[in-house]
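Thank you all for coming.

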Amino acid sequence: MLDNLSTSLKDALKKLAGKTVIDRAAVDELVKDLQRALISSDVNVKLVMELSKAIRTRSLDEQLPKGTNVREHVLRIVYQELVRLVWASTDVKLEPQTILMAGLQGSGKTTTTAKLARYFQKKGMKVGVICADTFRPGAYDQISTLCAKISVPCFGNPREKDALKITREGLESQKDLELIIVDTQGRHALEEDLIQEIIELNVLTKATHRWLVIDAALGQQASEQARRFHEAIDIDGVIITKMDGTAKGGGALSAVAETKSGIVFIGSGETIEDLERFNPDGFISRLLGMGDLKALAERAEEAIKAEDVDVNAMMKGKFTLRDMYTQLEALNKMGPLKQIIGMLPMGNMQLPDGVYDVTSTKMVRYRIIMDSMTPGELDDPALISSSRMQRVARGAGATPDEVRELIKYFKMMQRTLKGLRGGGGKFNMQRLMKRFSGMQ
Amino acid sequence: MFGGLKEKLQAARNRLGISIQEVVAKQEPPALETRTAEPGMPQAQQKTLSSAAPTFADKVKVLIIDRELIVSEKDISDALSELEMTLLESDVALLVSDAIITHVRTNLVGKHRKIGESVDALVVGALKRALLDVLGKGFNLTEYIRIHNRPVKILFTGVNGTGKTTTVAKIGAYLKKQGYTVVIGAGDTYRAGAIEQIGVHAERIGIKIIQHQEGADPSAVLFDAVQYAVSHKIDVVLADTAGRFHTKSNLMNQLEKIRRIMKPDLIVYVDEAVAGNDAIVRAAEFDRTVGADVVVLTKADMDSRGGAAISIAHTIGKPLMFLGTGQGYDDIMPFDPVQVVEDLLGSDT
């Protein structure tokens, strides 16, 4: 996901690998690569300059801790400085509160509002939504449709032009609910009347939280926009949306630095479940190409209840079609494969493109085909001869080609996972996580 | 529009001017000595010297014979790195700004400059050439429609939330004002409320809209829109589509299917002017998979810099057609690269 960015960074780090004495030239080179990497992920240029200066000074000045090599030392400093940059993750409490959504046009406020409603609903809260977007046609239809899907009450009136009036009525009608999310119209800092409107909305709702929604692709403008929003309504959290694309979300980092707040959530998909709690450690690790195991584990925990077998199947020794079957089931709940793989600590390892191409519909097909296999075949796919393939295909209502494709896919997965396990023998999730957290 | 970039480029330009002025200052004394000695040498011998690495002797020779100065890389490197920062701060993607800097450098280094020629003009010239080179030519939609067979089918693509639907409405209003008949195909059948959104727009600007219900096959909707245009002799079909990320192969395949079925004459790639480095990644990917003929940049009113225009144009080499500059139907303006560059750098040359 963040490959290009982290490749050059890692090359630079590699140069520091074996060294036990800090090499000024190598550190300089690393800092330069770091700058380029961060700038190309849209982090504010000034911020990058400050950051890289701090890293350079600290790397050269600080004593090398005993038992670490230069690479680890510098990596730790880079990591710490980046974590400092994203500030702390803000606390999301499960108590009665009002949340005011703010952001630029098209940043994904409405979708995120629905996702948030779903998130809090799943945590067992009584949630309501107010649609204060009186400008964009279809805005009320959009949010009310999304809310209806998850049975969350949504207050709004597409014919009313006064956002304040709607909000006032909405607050009244939803006063029995514990958590109210106010979705607002998109606006930018130069539209003074709209900025005035959101100031008034903030006063009216006495919002507990005012969250700024930022598109992961937003560039250098992020700082400036965030600053203006912050001046207007005192932003206390940032949500990054569209992290499922190729954008790196550096703009959100600038926004966070500007508002001295934290990143609360990350939106990474089009369905209503695609919202993750932000985890600064994980985000930075991902930025550095180190994988984000914490988020994966959290997601896995939520998606896979105990009876759905362990996540470790993926990492464990023998990988059979049967494992793939349970995985496809589990993965379906966890979200697209690419997202999951993006979170694994595979660093620079190049995965064959085909691995990602399995869409959810295909996964369903695969499971149907596997349903037609005998237990023996599931345990040892090598058994599947061409006549058996015919039988399986007929049983599943598929063509032999599809069966062949499935087996090809299986082999690819098998190879991939073998590579993932590496030479270390028992390379399981726990160990990976331990390794990862030891790095901080 | 793009005021920020303008300011910064002006500053960089002054800076570049200063460092060339320094070169002049350094080399002026010998010039004064020789000026009287050889007053009227022919100008015909210009640019005969190698521009790669002018030696001191070369410099003096050029100075004396041609009454010109040679700009060396060292003289301008500081100013160029400053210019690079400026571009980066204006959201020009890293790769693109690298390319521009290289371009400006090759344009300036080794150039012979007449003593009388203004330093400013030289720098501005190089910058202008670089930017114009990157931006390419604009695109005249009305002209395009005029010379093509009716109905002209225009497909809008792009990632989520860039403003495709709003742009479709604006272009619809724009064309209607020019006297063309327009039909809109509500091809975003995925996002909740999208059909209602485009429906309201169409009603307000008085354009016929072809729509199916939510979840329908967008190809079918757009096919119907084209059929409607054919049977009603309508000039232009504007096909809205759902936003999609270039990383989702199934959605990109769907777009490919749409293209196959409605056979658009023009594929418009819509992105926002505030996008950062990702702009080049996704533009390249859209261009690669479904193609893109022209580009529309939206939300230019919240952006005072305009780097995305340069990044995208540089990456896929397609002309920019319109800039979206606000929330009203009239807030759209044809993109004129010469005008933009003139705006950025002043029109003194």
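This is a predicted model: local features need pLDDT of at least 70, side-chain atom pairs count only at pLDDT 80 or more; totals for chains, interfaces and linings use all residues.

**From one residue pair to the sheet**

Let us begin with A:Leu100, whose bridge partner in strand 4 of chain A is A:Val182. Helix 5 of chain A, residues 109–122, packs on the sheet and touches strands 1, 2, 4, 5, 6, 7 and 8 of chain A, and the direction of this helix makes about 170° with that of strand 4 of chain A.

Coming back to the strands themselves, strand 1 of chain A, residues 97–103, and strand 4 of chain A, residues 179–184, pair in the parallel sense over 4 bridges. If we now step back, the sheet in chain A is open and has 8 strands in the order 3-2-4-1-5-6-7-8, with mixed pairing. Its edge strands are strand 3, at 154–155, and strand 8, at 275–277 of chain A, each of which pairs on one side only.

Next, I would like to turn to strand 5 of chain A. Why is strand 5 of chain A largely enclosed by the rest of the structure? The reason is that 6 of its 7 residues are buried. Strand 5 of chain A pairs with strand 1 of chain A in the parallel sense over 5 bridges, and A:Met101 stands opposite A:Trp211 of strand 5. Strand 5 of chain A is also joined by 5 bridges to strand 6 of chain A, and these two run parallel, with A:Ile214 standing opposite A:Ile240 in strand 6. Between these strands comes a helix to look for on the screen: strand 5, helix 9 (residues 221–233) and strand 6 of chain A make a right-handed β-α-β unit.

Let me now move to the other chain. The domain assignment of chain B gives domain 1 as 3–135 and domain 2 as 141–335. How many residues of domain 1 of chain B are in contact with domain 2 of chain B? There are 15, and they are in contact with 15 residues of domain 2 of chain B. On the domain 1 side, helix 1 (3–37), helix 4 (94–108) and helix 5 (119–135) of chain B each supply at least two residues, and the largest share, 4 residues, comes from helix 4 of chain B. By class, that side of domain 1 of chain B has 11 nonpolar, 3 polar and 1 charged residues.

Methods. Residues are numbered from 1 along each chain as its sequence is written. Chains are lettered from A and ligands numbered from 1 in the order in which they are written. Two strands pair if DSSP finds at least two bridges between them. Two residues are in contact if their C-beta atoms, placed from the backbone, lie within 7 Å. Axes are lines fitted to C-alpha atoms, for helices over the stretch in contact, and angles run from 0 to 180 degrees between N-to-C directions. Domain bounds come from an automatic or database domain assignment. Ala, Val, Leu, Ile, Met, Phe, Trp, Tyr, Cys and Pro count as nonpolar, Asp, Glu, Lys and Arg as charged, and the others, Gly among them, as polar. A residue is buried if 20 or more other C-beta atoms lie within 10 Å of its own, exposed if 12 or fewer, and partly exposed in between; C-beta atoms are placed from the backbone. A crossover is right-handed if, with the strands pointing away from the viewer, the path from the first strand over the helix to the second runs clockwise.
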